[in-house]
Amino acid sequence: MSDPPTPTVIILAAGQGTRMKSDLPKVLHEVAGRPMLMWTVEAARVITSDENIAVVIGHQADLVRAILPTGIKTVTQRDQRGTGHAVLLALEEGVGSEGVVVVVPGDTPQLRGEVLEQLVDFKTDSSSGVVLLTANVEAPTGFGRVIRDTDGTVVRIVEQRDATESELAVSEVNTSVYAFDAAALRAVIGDLKTDNAQQEMYLTDTVGLIRERGGVQAMVGDADDSLGINTLGQLADVDAVMRMRINQELMDSGVKILDPSRTYIDASVTVEPGATIYPDVYLQGGTTVADQAVVGPSVFAIDSEIGTGARVWYAVLREAIIGPRTEVGPYASVRKGTVADAGAKIGTFVETKNTHLGEGAKVPHLSYIGDARVGQNSNIGAGSITCNYDGFEKHETVIGDNVRIGSDTMLVAPVEVGDGAWTGAGSVISRNVSPGALAVERGNQKEIPDYAAKRKAKADDT
Amino acid sequence: MSDPPTPTVIILAAGQGTRMKSDLPKVLHEVAGRPMLMWTVEAARVITSDENIAVVIGHQADLVRAILPTGIKTVTQRDQRGTGHAVLLALEEGVGSEGVVVVVPGDTPQLRGEVLEQLVDFKTDSSSGVVLLTANVEAPTGFGRVIRDTDGTVVRIVEQRDATESELAVSEVNTSVYAFDAAALRAVIGDLKTDNAQQEMYLTDTVGLIRERGGVQAMVGDADDSLGINTLGQLADVDAVMRMRINQELMDSGVKILDPSRTYIDASVTVEPGATIYPDVYLQGGTTVADQAVVGPSVFAIDSEIGTGARVWYAVLREAIIGPRTEVGPYASVRKGTVADAGAKIGTFVETKNTHLGEGAKVPHLSYIGDARVGQNSNIGAGSITCNYDGFEKHETVIGDNVRIGSDTMLVAPVEVGDGAWTGAGSVISRNVSPGALAVERGNQKEIPDYAAKRKAKADDT
Amino acid sequence: MSDPPTPTVIILAAGQGTRMKSDLPKVLHEVAGRPMLMWTVEAARVITSDENIAVVIGHQADLVRAILPTGIKTVTQRDQRGTGHAVLLALEEGVGSEGVVVVVPGDTPQLRGEVLEQLVDFKTDSSSGVVLLTANVEAPTGFGRVIRDTDGTVVRIVEQRDATESELAVSEVNTSVYAFDAAALRAVIGDLKTDNAQQEMYLTDTVGLIRERGGVQAMVGDADDSLGINTLGQLADVDAVMRMRINQELMDSGVKILDPSRTYIDASVTVEPGATIYPDVYLQGGTTVADQAVVGPSVFAIDSEIGTGARVWYAVLREAIIGPRTEVGPYASVRKGTVADAGAKIGTFVETKNTHLGEGAKVPHLSYIGDARVGQNSNIGAGSITCNYDGFEKHETVIGDNVRIGSDTMLVAPVEVGDGAWTGAGSVISRNVSPGALAVERGNQKEIPDYAAKRKAKADDT
């Protein structure tokens with residue numbers, strides 16, 4: 001027996017989401033760091049390949065097209081003429097000519113690929129023209145209700161706006177996810193009418209039409225898996241659900257998360273088993289956290305690497321690489337282009353940018369180090385600053401290995417401090433320092449006796 | 001037909017709240033930044049005007065009176081003789097002579113004006129002497145139970161202390177919110193007895209007395225709306241409920257709140273649609289946040305303005321004005337009297353106080369700027385400080401437009417730096433700087449060769 | 001009538017917890033800052049004395065033994081041969097020779113002593129050979145099911161692996177907590193078989209064996225009290241439960257906790273009534289917080305004292321003593337050996353270490369003060385640093401009373417500044433300063449006119 005044809009997936013992403021009060025197309029709002037449409041694409045990829053996925057887009061089509069993988073077809077619906085019309089446009093472009101055609105909304109990021117798999121299996125095993133994914137909800141207001149006859153057969157779906165009092169009391173709702181038989185869908189799609197509250201072609205009306213021509217069945221799913229996002233409140237709710245899924249998977253894999261309800265890890269992030277994550281941690285973009293690293297409390301990291309056994313707390317990291325066993329924080333801002341090798345330290349009230357710290361190099365307190373290279377095991381005294389900007393351009397500071405930079409040293413770039421050199425506290429270093437030398441810029445300490453008494457007398461006078 | 005008389009509202013705010021373990025009168029504890037009594041006053045204002053509101057106060061009456069709007073009447077109950085006695089005192093002072101008299105406790109901040117409206121409508125439409133607001137709760141322990149007879153008519157309310165075993169099993173409880181017919185209330189209030197567990201006049205006993213003279217009815221409400229606060233644990237619970245209401249309203253209006261369970265916005269705060277609020281944000285007092293601003297994570301702002309498109313994160317703001325598109329943080333403390341104009345920057349490890357930053361002025365790192373005026377597009381180098389305190393008084397630093405302050409510049413106030421001037425890194429500037437000039441205070445950089453080797457030899461010696 | 005013998009408690013702590021994905025023995029994972037085994041020991045101590053407690057340990061026995069109080073007996077189970085075998089080993093070593101023998105797992109930190117007390121009372125009042133603690137759960141998968149016959153009598157416990165379909169449907173589960181009659185236990189323990197899925201001696205099988213010889217009874221408890229921890233997800237869940245218990249107790253005692261769901265107070269910490277705790281606060285180890293102190297938002301404190309009326313926010317404290325009415329933060333790192341007397345201030349972007357601040361001494365901004373003594377009412381200017389490290393050793397800085405350290409002063413230790421002395425801004429102080437004197441190290445301020453124009457011309461040239 002030959003395999004059934006690969007399913008087709010049509011994703012409906014043309015809705016404008018006016019209740020989100022934002023110019024951004026609704027399906028581009030992010031959930032756990034990923035545009036919600038891409039969650040749906042990832043779910044579709046579980047059951048089919050990219051060339052069998054079509055996305056119907058409308059509002060700000062270019063923005064939506066820009067985030068989609070190149071192999072995925074897009075269909076443009078210029079006017080808001082309803083979900084039925086959106087599917088019709090896709091079919092007219094040759095999408096879904098045979099086999100199972102799955103239609104899913106682009107605003108249900110929590111819908112998992114395995115649920116689509118179950119739905120397709122259900123459809124494949126049945127002879128019905130369509131299988132609906134439905135859910136029982138406590139507060140059905142706003143959803144289309146699933147109307148069944150007395151023997152439980154699905155008859156049709158009725159929208160909130162068009163429902164009677166007794167229909168409104170039904171708690172089983174349409175999730176807007178369908179597995180159609182391609183032929184059955186094509187047979188009825190042209191018959192959809194617009195004589196309803198919104199004067200649009202409702203895809204839901206295919207259910208009644210298909211029923212007349214063959215069976216309609218429903219697979220009752222979990223409400224949490226499939227209800228759409230229409231408001232910023234629902235966006236926050238779904239974001240919380242998706243974050244908990246990510247955190248649960250990480251905990252199952254061996255990541256210790258102390259309070260998963262307060263840990264914000266994007267779908268794009270990698271955390272290795274054996275890492276520990278404290279609360280108030282945001283990991284975004286291409287961030288990776290290695291084994292035995294301890295991150296948080298209060299860390300915001302984007303596109304950064306945190307190495308094995310590193311300790312990062314009360315810190316902001318942007319495009320930074322933190323080496324194994326390196327310490328960062330409390331209270332550090334590690335900016336773009338910072339690379340800290342193994343055992344380095346970026347301590348308290350320290351900001352770094354476009355800087356390489358060699359193995360064991362330490363910047364413990366109150367420093368700004370930018371556009372610099374610091375050699376192995378060098379130590380930068382508290383209050384030291386690389387004066388990298390001359391008012392016109394940025395210049396580089398090069399510090400050798402085993403250097404001792406005294407407290408409050410100003411390194412006026414471009415400048416080099418040789419291996420093993422020292423600088424005196426409070427010095428402005430504007431010329432290169434030879435290896436092993438001490439460079440100091442300082443006047444003599446003078447004392448004015450009884451100053452306090454005189455000063456007070458003067459203050460009292462005025 | 002003439003309108004019915006405006007309802008009277010008597011708020012009972014004399015309870016001492018000893019289980020709160022605090023000297024503060026219970027009704028002054030804050031919920032979402034507002035004393036809980038004021039939430040009740042605001043609810044009362046939905047159904048009546050200030051001259052028809054009376055608050056019965058006891059413990060530390062002056063403190064309570066001080067927060068009430070001037071038009072609201074107060075009645076003092078010197079001794080704790082019960083809720084019935086409190087209402088009696090109000091009636092004796094002429095409060096509630098006709099129409100509907102609503103009695104509410106002062107410790108139910110979550111009670112909404114619309115619920116009072118429904119209760120008054122219910123009372124107005126009925127001929128009963130009193131309508132109780134009741135609620136069904138899962139754990140009724142501690143509450144007065146609503147006792148009904150076999151046909152469902154309310155018979156009386158029985159306090160926990162005085163209830164029989166079977167009465168204790170009742171899950172419908174008294175919320176202590178009542179809409180009385182003024183005449184019915186006045187007819188029975190004098191008959192209240194004190195032969196009970198607390199030897200006080202219970203207002204609840206009016207129910208039984210009125211029943212003998214006319215109907216008693218109950219309106220069953222939502223428990224979340226109306227249960228009182230008696231412990232610090234309940235205070236925290238209600239605070240969470242009220243914060244979620246505020247956040248939900250803001251999200252409905254178009255504010256993007258990423259995690260509403262971790263966002264603390266006081267009732268007094270304004271956030272415009274289009275703003276985005278990250279977790280761990282506290283907005284208090286008269287704070288306002290404009291359209292397109294992005295606030296958080298981790299921001300504490302009190303009595304501050306955050307302008308359109310501003311970006312504020314990991315920062316504390318007190319009585320500060322942050323202009324449009326201005327950046328603050330990460331790790332900034334912006335204190336009283338800071339005004340940052342459009343496109344300014346208060347960066348990392350920067351503290352400002354009583355300071356005006358002109359358009360595009362930047363203080364990027366490690367600086368304390370106090371009692372200063374900084375002109376447009378000026379840049380303050382890392383580590384710079386206004387030495388505003390001479391040990392006796394504060395003095396002002398004035399920096400012109402387009403100034404370049406070098407790193408680690410000490411500006412010894414009073415001092416002025418002219419437009420377009422520069423200062424050298426590490427300089428102490430104690431005299432005014434002419435426009436366009438460079439001011440520098442620095443010695444010569446000297447070098448001691450082979451210092452490291454000698455220093456080590458000396459250290460090894462000791 | 002004589003008292004019954006003191007109960008014996010056998011704690012089973014030999015499980016390896018492989019699903020925790022950690023080398024640490026499962027019972028040493030911390031819950032609310034205390035190894036989970038110690039929670040069970042504390043519960044056992046409610047019903048008996050240390051000499052009647054035995055802990056069966058296996059995996060990494062030395063690590064487990066190290067945390068146990070010295071009076072508690074340990075029994076080593078070298079091979080993983082099941083819970084029945086573990087109890088057998090304890091009995092063979094003479095544990096539990098008479099009276100009631102309570103067996104509890106070492107991975108149920110939420111089990112309270114009062115529940116054990118009820119269980120022992122239940123057993124003492126009955127003549128049954130064993131009383132099981134059971135619980136009804138919604139999702140029983142993974143737990144041993146309690147099988148009862150038609151008249152409700154407990155027949156046996158069947159493990160998930162060995163259960164039939166209908167047994168799997170049972171929602172009453174074994175919590176693995178038992179109160180045995182010593183004689184009944186000893187009579188059957190030798191008869192346990194290993195003909196089951198794991199080829200181990202199951203303690204649960206004693207139930208069936210005892211049933212044949214005498215009664216078996218069950219006490220149905222609360223699922224939250226007694227279900228074991230097997231995954232990092234369950235660890236996080238139980239940690240949340242235990243933290244809420246701690247917070248609830250503190251609120252009941254009069255501590256104001258604004259958001260208990262975001263407050264992390266270890267079991268070892270003391271917080272006095274009248275203190276206020278904001279969200280994002282971690283209190284660990286021997287930390288104490290006194291009356292009227294206000295702590296948070298965002299404070300991490302370990303082994304530190306926070307005095308009466310102190311105000312600490314946005315700060316990290318490690319082994320520090322903060323005096324009455326002392327202010328710390330926002331953004332302070334207070335390290336080991338810091339002692340701040342009454343009314344002192346450790347302000348914004350300030351780090352201290354091994355330092356004593358006298359009464360009213362203030363370090364308001366941007367300073368590192370280490371290995372120092374600062375006298376009463378002295379003020380340290382912004383940007384000042386104790387240069388305590390000469391590249392080889394740490395040295396001390398001594399500052400007298402009423403000293404005014406100017407901004408950006410480098411104090412090159414060892415150095416002393418006498419009472420009432422001053423230092424000039426930007427000075428490097430490397431010699432002692434006499435009392436009342438002003439010490440200053442500074443060059444002359446020079447001005448290069450028209451520098452900006454020349455500099456720009458030069459920049460344009462290149």
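In β38(C), C:Ile448 is the bridge partner of B:Leu438. The two strands involved are β37 (residues 438-441) of chain B and β38 (residues 445-448) of chain C, which pair in the antiparallel sense over four bridges. Two strands pair if DSSP finds at least two bridges between them. Helices (H or I, at least four residues) and strands (E, at least two) are DSSP runs, numbered from the N terminus.

This is a predicted model: local features need pLDDT of at least 70, side-chain atom pairs count only at pLDDT 80 or more, and totals for chains, interfaces and linings use all residues. Residues are numbered from 1 along each chain as its sequence is written, chains are lettered from A and ligands numbered from 1 in the order in which they are written, and side-chain values use heavy atoms, with hydrogens and water left out.

## Where chain B meets chain C

How many residues does each chain bring to the contact? Chain B brings 57 and chain C brings 47. Contact means heavy atoms within 4.5 Å. The size of an interface is often given as the accessible area lost when the parts come together. Between chain B and chain C, the buried area is about 4,000 Å², and carbon and sulfur atoms give 59% of it. On the chain B side, B:Leu232, B:Tyr282 and B:Leu438 supply 13% of the area buried against chain C, more than any other three residues. Buried area is the accessible area (1.4 Å probe) that two parts lose on being put together, summed over both.

Charges also meet here. The count between chain B and chain C is three salt bridges. In one salt bridge, B:Arg243 joins C:Asp259, with the closest N and O atoms 3.5 Å apart. A salt bridge is a side-chain nitrogen of Lys or Arg within 4 Å of a carboxyl oxygen of Asp or Glu. Helix α9 (residues 232-253) of chain B gives the most to the side of chain B that touches chain C, with six residues. By class, that side of chain B has 30 nonpolar, twelve polar and 15 charged residues. Ala, Val, Leu, Ile, Met, Phe, Trp, Tyr, Cys and Pro count as nonpolar, Asp, Glu, Lys and Arg as charged, and the others, Gly among them, as polar.

## Where chain A meets chain C

Here 47 residues of chain A are in contact with 57 residues of chain C. The two chains bury about 4,000 Å² between them, 59% of it on carbon and sulfur atoms. In chain A, A:Tyr331, A:Phe349 and A:Gln445 lose the most area to chain C, together 16% of what that side buries.

The rule finds three salt bridges across the interface of chain A and chain C. The side chains of A:Arg262 and C:Asp280 form a salt bridge (2.3 Å, N to O). Strands pair here too: four bridges join β38(A) to strand β37 (residues 438-441) of chain C, and the strands run antiparallel. Opposite A:Glu447 stands C:Ala439 in β37(C).

## Buried places

Is C:Thr263 buried or exposed? C:Thr263 is buried, with a relative accessible area of 0%. Buried means under 20% relative accessible area, exposed over 50%, partly exposed in between (1.4 Å probe, protein chains only). C:Thr263 is in strand β13 (residues 263-265) of chain C. A polar atom of its side chain lies 3.0 Å from the backbone oxygen of C:Asp259.

Helix α1 (residues 36-47) of chain B is largely enclosed by the rest of the structure, because nine of its twelve residues are buried. Among them are B:Trp39, B:Val41 and B:Ile47.

Most residues other than glycine have a negative phi, and most peptide bonds are trans. A:Tyr314 is not a glycine, yet has a positive phi of about 45 degrees. A:Tyr314 is buried, at 2% relative accessibility. C:Tyr331 is not a glycine either, and has a positive phi of about 70 degrees. C:Tyr331 lies in the loop between β24 (327-328) and β25 (332-334) of chain C.

Which peptide bonds are cis? One runs from B:Gly329 to B:Pro330, with omega near 0 degrees. Another runs from B:Ala413 to B:Pro414, also with omega near 0 degrees. B:Pro414 is in the loop between β33 (410-412) and β34 of chain B.

Definitions and conventions: A polar contact is a pair of N or O atoms within 3.5 Å; within protein, one must be able to donate a hydrogen and the other to accept it, and residues adjacent in sequence count only if both atoms are side-chain atoms.
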